[in-house]
Amino acid sequence: NKKGFIFDLDGVIVDTAKYHYLSWKSLANELGFDITLEQNEQLKGVSRVRSLEIILGWGNKTLTEEAFAKYMAEKNDNYLSHIAQMDAGEILPDIPKTLNYLQETQQGIALGSASKNARKILQKVNLYETFQAIVDGNDVSKAKPDPEVFLIAAQQLNTVPTDCIVFEDSVAGVTAANAAGMISIGIGSDETLGHADYVFNDFTEIQTRFIEELINR
Ligand code: BG6
Ligand code: MG
């Protein structure tokens with residue numbers, strides 16, 4: 001019984017959500033305002049372009065096309081300076097255990113991320129070879145909450161969407177997984193991710209037996 005297990009990257013496999021936040025925060029500060037952790041929830045899973053649009057809305061700022069491009073590049077440079085320090089030690093608890101189990105049981109394993117830096121990060125933490133399919137921000141035309149990223153991942157795993165399970169920490173990502181007709185597993189708080197089929201705080205709360213049940217259903 002082969003299922004497709006699709007993992008979001010930022011905030012699920014590694015805690016890069018904190019680096020995205022730091023980079024956006026310093027950019028907002030530069031523009032004369034601040035963003036809160038609560039506002040940051042709305043940026044998770046959201047593309048780089050869309051994130052900057054949302055942030056500018058919060059600060060009541062408009063930018064010329066040129067300045068917009070400049071700030072986008074600046075944010076990414078800042079973010080990449082954090083990424084440069086990463087190694088396998090940043091893989092979140094029990095992720096390796098889960099991935100090993102899925103490999104042992106010969107499940108499909110894919111990455112479904114909005115990030116254009118996903119491949120680079122997987123290489124940094126030594127997980128690049130673990131994924132049979134990698135679909136990221138370079139491969140899609142419609143960002144989450146559109147289901148495109150997960151539908152392409154299912155296709156690349158040679159599975160149908162109804163045989164896929166998605167792990168997501170973002171509101172937009174859970175919405176995308178649901179729209180794809182997949183089982184959605186929220187990683188985070190019940191308050192934020194109540195629209196997921198299941199919610200766990202992190203992978204340490206996910207028992208092997210639960211994964212086994214997903215495989216056999
Ligand atoms: C998502 C993150 O995975 O990727 C977002 O949750 C981020 O915060 C988006 O904006 C795009 O990432 P990047 O690395 O291409 O700027
Ligand atoms: Mg995420």
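Which hand does the crossing of α3 and α4 have? I looked, and the crossing of α3 and α4 is right-handed; that term goes by the near helix being turned clockwise from the far one by less than a right angle, with anticlockwise giving left-handed.

Ground rules first. I am working on a predicted model, where local features need pLDDT of at least 70 and side-chain atom pairs count only at pLDDT 80 or more, while totals for chains, interfaces and linings use all residues. Residues are numbered from 1 along each chain as its sequence is written, and chains are lettered from A and ligands numbered from 1 in the order in which they are written.

**Entry: α3 against α4.** I noted helix α3 as residues 48–58 and helix α4 as residues 65–83, packing at about 110° with axes 11 Å apart. Helices here are DSSP runs of H or I with at least four residues, strands are runs of E with at least two, and both are numbered from the N terminus. Axes are lines fitted to C-alpha atoms, for helices over the stretch in contact, and angles run from 0 to 180 degrees between N-to-C directions. α3 and α4 are therefore roughly perpendicular to each other (65 to 115 degrees; under 35 is roughly parallel, over 145 roughly antiparallel, the rest oblique). From α3, Arg48, Val49 and Leu52 meet Phe68, Tyr71, Met72 and Asn76 of α4 (contact: C-beta atoms, placed from the backbone, within 7 Å). I sorted this contact into five nonpolar, one polar and one charged residues.

**Entry: α1 against α4.** Helix α1 (residues 17–30) packs on α4 at about 140°, the axes 9 Å apart. That makes α1 oblique to α4. Among the α1 residues in this contact I listed Tyr19, Trp24 and Leu27; the α4 side includes Tyr71, Tyr79 and Ile83.

**Entry: the sheet.** I traced six strands in an open sheet, ordered β3-β2-β1-β4-β5-β6, with parallel pairing (strands pair if DSSP finds at least two bridges between them). β3 (133–135) and β6 (198–200) are the edge strands, each pairing on one side only. Strand β5 (residues 183–187) pairs with β6 over three bridges. Isoleucine 187 has phenylalanine 200 in β6 as its bridge partner. Helix α7 (residues 148–156) packs on the sheet, touching β1, β2, β3 and β4, and its direction makes about 160° with that of β3.

**Entry: ligand 1.** I found 18 residues around ligand 1, with Asp10, Arg48, Ala114, Ser115 and Lys116 coming nearest (near: C-beta atom, placed from the backbone, within 6 Å).

Terms used. Contact = placed C-beta atoms within 7 Å. Nonpolar A, V, L, I, M, F, W, Y, C, P; charged D, E, K, R; others polar.
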